[in-house]
Amino acid sequence: MDVAYHFFDEFVIKLTIQDNIVSKIQSLTYDKFAPGEFIQQFRHLSAPPKRLERYLKLGEERFRIEIKEALQSNQFIPLVRNSNVWLWSEYDIRLAIKNDGFTHLLLS
């Protein structure tokens with residue numbers, strides 16, 4: 001089973017694909033795809049990138065907009081096809097994704 005995501009302005013579309021046939025289409029909000037608990041984990045980075053640090057200070061909603069824009073511009077890359085680990089290429093940050101969105105940062 002494969003999963004594909006498409007990122008639009010107001011929502012995320014998640015496609016579940018089995019045997020090259022879309023078996024399920026699900027619409028997700030960005031609030032669900034990048035929940036507050038996930039965003040708060042960025043506060044625990046020992047040396048966060050200055051830009052992300054600034055967005056954190058502006059609040060959770062502004063930070064989520066930064067994530068949304070990065071998703072829409074393909075800055076998040078699965079490390080392996082259909083992997084649960086994605087790379088935020090601009091910042092070299094690894095994140096775990098499961099089911100309906102990001103779950104946690106993967107710190108080295």
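Student: Is R64 buried or exposed?

Tutor: Buried means under 20% relative accessible area. In this predicted model, R64 has 4% relative accessibility and therefore counts as buried. The residue lies in helix α4.

Student: Which backbone oxygen does the side chain of R64 reach at 2.9 Å?

Tutor: A polar contact is a pair of N or O atoms within 3.5 Å. At 2.9 Å, the side chain of R64 reaches the backbone oxygen of A34. A polar atom of that side chain also lies 3.4 Å from the backbone oxygen of Y30.

Student: Which residues does R64 touch, leaving out those up to four places away in sequence?

Tutor: R64 touches Y30, D31, A34, P35, G36 and I39.

Student: Now helix α3. Which of its residues are buried?

Tutor: An α-helix has 3.6 residues a turn, so residues three or four places apart point the same way. Helix α3 spans residues 50-58, and its buried residues are L52, Y55 and L56. These cover an arc of only 105 degrees around the axis, which puts them on the same side of α3.

Student: What do the buried residues of α3 pack against?

Tutor: Their partners are α2 (36-40), α4 (60-72), β5 (85-88) and β6 (93-98).

Student: Which exposed residues sit on the face of α3 turned away from its buried side?

Tutor: That face carries K50, K57 and L58, which are exposed.

Student: What backbone feature comes just after α3?

Tutor: G59 follows there, with a positive phi of about 120 degrees.

Terms used:
Residues are numbered from 1 along each chain as its sequence is written. This is a predicted model: local features need pLDDT of at least 70, side-chain atom pairs count only at pLDDT 80 or more; totals for chains, interfaces and linings use all residues. Side-chain values use heavy atoms; hydrogens and water are left out. Buried means under 20% relative accessible area, exposed over 50%, partly exposed in between (1.4 Å probe, protein chains only). Helices (H or I, at least four residues) and strands (E, at least two) are DSSP runs, numbered from the N terminus. The arc is that of the directions from the helix axis to the C-beta atoms. Contact means heavy atoms within 4.5 Å. A polar contact is a pair of N or O atoms within 3.5 Å; within protein, one must be able to donate a hydrogen and the other to accept it, and residues adjacent in sequence count only if both atoms are side-chain atoms.
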